[in-house]
Amino acid sequence: MNRIVLLSFGLLGLFSSATRAQSLSVAGLSSEYAVNPIGLSPAAPVRLSWRLVSTERNVLQTAYEIKVFSGRGRLVWNSSKTVSGQSVHIRYKGPALLPRSRYYWQVRVWDNHGHGSEWSPLNYWETGLNSGDWSAKWITPEGPDSAEGPVPMLRKGFAVSGKIRQARLYITAHGLYEAWINGRRVGDGLLTPGWTNYRQRLQYQVYDVTSLLATGANAAAAIIGDGWYRGPTYRGRKNIYGNTTGLLFQLEITLEDGSRQTVVSDGSWRSSDGPIRYSEFFNGEVYDARMEKAGWQKAGYDDAAWAVVRTERPDTTARLIATDAPLVRRHEVFKPLSILRTPKGETVIDFGQNLVGWVRWRSRGRAGDTIVVRHGEVLDPQGNFYTANLRSARQTITYISKGGAEEWFEPHFTFQGFRYVKVEGPVDLQDIEAVAIYSDMEQTGDFTTSDTLINRLQHNIQWGQRGNFIDIPTDCPQRDERLGWTGDAQAFSATATFNMDVAMFYAKWLADLRSEQLPDGAVPYVIPNVLRPQDNASAGWSDVATIAPWNVYLAYGDTTILRDQYTSMKAWVDYIRAHAVDDLWNTGDHFGDWLFYTPGDADDDGRAAITDKHLIAQTFYAHSTQLLINAAKVLGRQADVSAYSALLKRIKDVFVDEYTTRRGRLVSGSQTAYVLALRFDMLPDSLRPQAAARLVQNIKDYGNHLTTGFLGTPHLCHVLTRYGYNDVAYRLLMQRTYPSWLYPVTRGATTIWERWDGIRPDGSLQQANMNSFNHYAYGAIGDWMYKTITGVNPVDSAPGYKKILFRPRPGGGLTHAAAHLRTLYGMVSLQWTLDSGRIAIDVTIPPNTTAELDLPGKKERLELGSGDYHYEYVAGAGM
């Protein structure tokens, strides 16, 4: 008899009284997913969230009360005691928010055990400006100012007439900016104001600069780089959004006597060029320290010889928007792992990790000494420095010393993708360090197993996400591309939500998708769109319009993303419907199953990994329609539910008629064809088992290898597990030879590769024109790993992990696996261990959530409340 042993930890005897306040408290308060944010839009409804903390089991919130106060302590809204279990995304419902205003808030809660918490500590949010609040003018340097030229320097001296109570800086740029007040850097964000569809949406940032100012003389200073605004983009296009850089600067100072003083960008500013002779993404930076202007960022600097600036009024009515997505910031710092002397005699530093960012160093040299640093991802087969896969991107930093004292250098308006750097010039190699930069997203997920290669795969998945989530989700961070390709983004979106808090990151990017969507509903290949107008509407790429919002909703339970994107979702489905013929989408150009396995002449026996592009299109037509139906149900749009449900049935019926034989064989016999047909429920129930069997046979025909590309890969193992072939899914995961997920790991990969064989088994490199070694799309296997190996799943009917489905399925020879996920409700975790024929499972369920535990090898499902649980029993066969 298999006995289930249940243990609970630290829950008995701690509190005997149900009335003790400390048995329930509130923590983790956030406004718009951030702690104490400043600069939120006054026009947008602020959403408030918190976590319950309790020492008891089975805790559910039954009511809450929120109080919101003005900065002067006046109560502006009291929700009163509201009977509700909702503890995330509660909308502020008080009077309209005022601009430039701080609001303090606190909450208390009650639970189902009769406890009431104390009031939480006060948190706050602060609003930015309304469109009519800008008095600053756009300023741009007078004289020569062209893309790929010297970076302009702008400054203004000013006086503050009294003691300062507080000061806020509202700032943005055409291009990228760095700003200083009195020689001290404003904020720690990088590549600001970020990349959006500048034609319609230009973010501004807000900074508390109170501590940077002084009574009396002060100075404001900024530099403006080309950035995405006018710098080179894909295929050499420049000046996408404009041909001149500019600064918009509004400093508002409140004095102790209550009076206000405003310093704005206007005609009184002065401009010059300086040491940054060139700085842009693809090619790097040239910095001539001999041209530095000492003290130019500080008060008292003589700028009489500087040029005046040109001014113009800003268009503030629609384009300027508050920033609510995370800024790009510095993160991990890497010291040299080793210093190499290549066969060609090159001096190369190996940092041990393919990362995205830059290198910085200290040096001491003579005036005119030049240090040149080139960046690359891999070495060639002979062990030499290699950059051919960068295509036209130079990824080069050139620094010219001014001589004298020790010099410190860090680049400004560029970033590189690299593991190796080739160094030329007089610098101590041990003084060079690599800095990783990416959007400041909290890591929320952690996943480990007993297999070191699988752990490395997870490491690579996370580093692929870090390196490609630099303000937008890019395809790659190193070559002359670095665009927001929609196919990559949709494929990886579910995995992304586990690893990091990407709620506002995706919300920002999807808002740009809405703004870039064509009037007929077509979705461009890349967002923001810098390609040709006709580059749009590809199956599996443009479907990001429905897939990403739904995955974000599942992860965070936030209906706002569905409300905001619903019109876009519907427009995309309607675009397909308009271009389909009798409900069959067999028109248009499509990328298909991008970069699927192609073995060449060895695949001439009819098995074929090639999948009909229109077959793929029809499956994604169905999938997007289903997701639209799902969103309509959540939002209560019943008429759309009915209309699109009828459409979905026709789409699937036409698929069977067009692409399926009477016995269920598909016209494309590839893994991707069967995977998508099964994943998106394209086949009648009676035909699904044989289709799954055909898929498995195809996998066996390829020696237990996958052949899928960007569109099939995310769904492959999910389908195998769903149809009873979990052992085959594990076989694919654990496969170490090409093509497989672990093959790159065995070749030393530290990120996910663009191709299954970026480095071929014979050591040669794939074709250089498309061979990125940091390309996260194939990392989408992470979603299956988290949901199947450790079994941590959201539930559609209670998203955001309000209810959790634990359904671990051990296999593949693993003896241990663990996942920890920090949700909006708290930590969710499951870990299991196989030892001596027994399995032990531990789960953690945060307060105000429930879970269903589907024990592997058991028929029963357990309904659980919050708390910690431990189960042990005899493991079944196959674990």
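**A helix pair and its surroundings**

Modeller: Helix 9 crosses helix 10 in a left-handed sense. This is a predicted model. Helix 9 covers residues 671–679 and helix 10 covers residues 688–701; their axes lie 9 Å apart and the packing angle is about 150 degrees. Angles over 145 degrees count as roughly antiparallel, so helix 9 is roughly antiparallel to helix 10.

On the side of helix 9, the contact is formed by Q671, Y674, V675 and L678. Helix 10 contributes R688, A691, A692, R694, L695, N698 and I699. Sorted by kind, the residues of this contact are seven nonpolar, two polar and two charged.

The loop between helix 9 and helix 10 contains D681. This residue is not a glycine, yet its phi is positive, at about 55 degrees. D681 has a relative accessible area of 24%, so it counts as partly exposed.

Another residue with a positive phi is Y33, also not a glycine, with a value near 70 degrees. Y33 sits in the loop between strand 2 (24–31) and strand 3 (38–40). Buried means under 20% relative accessible area, and Y33 is therefore buried at 18%.

Two peptide bonds also deserve a look. The bond joining Y738 and P739 is cis, with omega about -5 degrees. P739 belongs to the loop between helix 12 (726–734) and helix 13 (742–746). T192 and P193 are likewise joined by a cis peptide bond, and omega there is about 15 degrees. The loop that holds P193 runs between strand 15 (184–185) and strand 16 (202–208).

Next comes the nonpolar interior. In soluble globular proteins, nonpolar side chains tend to be buried together. The largest nonpolar core in this model has 205 residues. Within that core, the residues with the most contacts are W361, L457, L733, W741, M785, I789 and F806. Helix 7 (residues 613–635) supplies the largest share of the core, eleven residues.

Setting aside neighbours within four places in sequence, L457 is in contact with L733, W741, L742, V745, I752, I781 and M785. Another core lies apart from the largest one and has 29 residues, including I164, I171, L213 and V309.

Key. Residues numbered from 1 in each chain as written. Predicted model: local features only at pLDDT ≥ 70, side-chain atom pairs only at ≥ 80, totals over all residues. Heavy atoms only, no water. Axes fitted to C-alpha atoms, helices over the stretch in contact; angles between N-to-C directions. Helix = DSSP H or I, 4+ residues; strand = E, 2+ residues; numbered from the N terminus. Parallel < 35°, antiparallel > 145°, perpendicular 65-115°, else oblique. Left-handed = near helix turned anticlockwise from the far one by under 90°. Contact = heavy atoms within 4.5 Å. Nonpolar A, V, L, I, M, F, W, Y, C, P; charged D, E, K, R; others polar. Core = buried A, V, L, I, M, F, W, Y, C linked by side-chain atoms within 4.5 Å. Buried < 20%, exposed > 50% of the residue type's maximum accessible area, 1.4 Å probe, protein only.
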